[in-house]
Amino acid sequence: MKQVYLDNAATTPVDPRVKAAILPYLEDLYGNPSSVHSAGQNVRAAVEEARSKVAALINARSDETYFTSGGTESDNWALKGTAWAKADKGNHIITSAIEHHAVIESCQYLSKHGFDITLIPVDKFGLVDPDDVKNAITPKTILISVMHANNEIGTIQPVEAIGKIARERGVLFHVDAVQTAGHLPIKVNDFNIDLLSISSHKLYGPKGAGAMYIRKGVRIESLLSGGSQERGKRPGTENVPGIIGFGAAAEIAQTEMSAEAERLTILRDRLIRELLARIPDSHLNGHPTLRLPNNINISFDYVEGESLLLNLDFEGICASTGSACSSSSLEPSHVLLACGKIAEEAHGSLRFSLGKSTEVEDIDTVVEALPRIVNKLRAMSPLTPRAAH
Ligand SMILES: *Cc1c(COP(=O)(O)O)cnc(C)c1O
């Protein structure tokens, strides 16, 4: 049975060209980039070349781009690092109700340490209204953090408009761009972004590598203490194979992303159209057009997302009920609840996230399998109204 992998928002496979770029750094090129000898300095040069490729992907400068262990660390660093650096200026942070757990939990941590957090609500499509952000700003506001696109429902936020407001009011602006980097164009200057989180394994690079963009002149505390790596801001011997792979993946993404986004949008819309047409009482979550090219999130009334997942998995189809990070907990998705769904609706939702390996045949496999599975589960479900059986 061919595996149909439609969980690329959770992680992507390593591109074979990325793997080839990494291998020498697992073999002969093992020097420590901080070493003075040539074995170290050759690796240093390769790390800096990777940095320039990652920086280019987000239209940033190399000296504003810092390597981290991934999106989670970058998000923690942006929130906590700014809070500690700016605590004398104010204690108010604005974020949205549908951020990734790495941002939400960092805010919860900070709220235990004297910071006030304002969660901006979203509309039924998951969109933040920039005016709500503007109205929430107080003289004590030190940071606005709004994600570029949501990992569960794919909604793309008006970050450019929010960035403009942040800049006008002199408040730092952080963007979690983990779902968009390498998939959609990012221009940190045009968007007035001060801090930006990205992750390698969401763009066909290896896991455990990420980056944070820190605009020149922005002061932020380090999370770690130690050596002088990453200009002293993020100490610890560099994850060289991860960084080399991240750089290679960023370079490939830059040349291929626009054609790939176009290809995936067609497949995405085909899957949405066919599932909504073939399965009664199904509803698209997220925005119909302001949406990641690879994201499909649909609620199916009267059934449990978990049961759908298991049945799909049995037929070789990998999907998700939302974010990979919370899928093992039975809490309803905070994202769907924020969009106004009730818990039952949130429980019956599925996310399909397409990727480079996705072909039209994979879409058709889901279109054949899922209506059958939903029918079977609905026939057994006590939630199904009799007329719908
Ligand atoms: C995956 C993801 C993260 C976490 O990135 P890791 O590299 O897995 O730690 C953060 N934010 C968003 C939006 C994500 O999709």
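Tutor: The discussion below takes helix pairs, then an annotated lysine, then several loop residues. This is a predicted model, in which local features need pLDDT of at least 70, side-chain atom pairs count only at pLDDT 80 or more, and totals for chains, interfaces and linings use all residues. Residues are numbered from 1 along each chain as its sequence is written, and side-chain values use heavy atoms, with hydrogens and water left out.

Student: How do helix 3 and helix 4 pack against each other?

Tutor: Helices (H or I, at least four residues) and strands (E, at least two) are DSSP runs, numbered from the N terminus. Axes are lines fitted to C-alpha atoms, for helices over the stretch in contact, and angles run from 0 to 180 degrees between N-to-C directions. Here helix 3 (residues 71-86) and helix 4 (residues 101-111) cross at roughly 30°, and their axes come within 8 Å. Angles under 35 degrees count as roughly parallel, over 145 as roughly antiparallel, 65 to 115 as roughly perpendicular and the rest as oblique. Helix 3 and helix 4 are therefore roughly parallel to each other.

Student: Which residues of helix 3 and helix 4 meet?

Tutor: Contact means heavy atoms within 4.5 Å. From helix 3, Thr 72, Asp 75, Asn 76, Leu 79, Lys 80, Ala 83 and Trp 84 meet Ala 102, Val 103, Ser 106, Cys 107, Tyr 109 and Leu 110 of helix 4. Ala, Val, Leu, Ile, Met, Phe, Trp, Tyr, Cys and Pro count as nonpolar, Asp, Glu, Lys and Arg as charged, and the others, Gly among them, as polar. On that basis, the contact of helix 3 with helix 4 has eight nonpolar, three polar and two charged residues.

Student: At what angle do helix 8 and helix 11 pack?

Tutor: The angle between helix 8 (residues 305-314) and helix 11 (residues 360-380) is about 130°, and their axes are 10 Å apart. That makes helix 8 oblique to helix 11. Ser 307, Leu 308, Asn 311 and Leu 312 of helix 8 make the contact with Leu 370, Ile 373, Val 374, Lys 376 and Leu 377 of helix 11. These residues divide into six nonpolar, two polar and one charged.

Student: What does UniProt list for Lys 202?

Tutor: UniProt positions are given in the numbering used here, feature names are shortened, and annotations may be inferred rather than shown by experiment. An unreviewed UniProt entry lists Lys 202 as "modified residue: N6-(pyridoxal phosphate)lysine". In the model, Lys 202 is in the loop between strand 7 (195-199) and strand 8 (210-214).

Student: Is Lys 202 buried or exposed?

Tutor: Buried means under 20% relative accessible area, exposed over 50%, partly exposed in between (1.4 Å probe, protein chains only). Lys 202 counts as buried, at 12% relative accessibility. Leaving aside residues up to four places away in sequence, Lys 202 touches Ala 9, Ala 10, Thr 12, Val 178, Gln 179 and His 183.

Student: Where is Ala 181 found?

Tutor: Ala 181 is in the loop between strand 6 and strand 7. Its relative accessible area is 1%, so Ala 181 is buried. Ala 181 and Ala 250 are 69 residues apart in sequence and 8.5 Å apart in space, C-alpha to C-alpha.

Student: What is phi for Asn 192 and for Glu 230?

Tutor: Phi of Asn 192 is near 55°, a positive value in a residue other than glycine. Glu 230, also not glycine, has a positive phi near 50°. Asn 192 is buried at 18% relative accessible area, and Glu 230 is buried at 6%.
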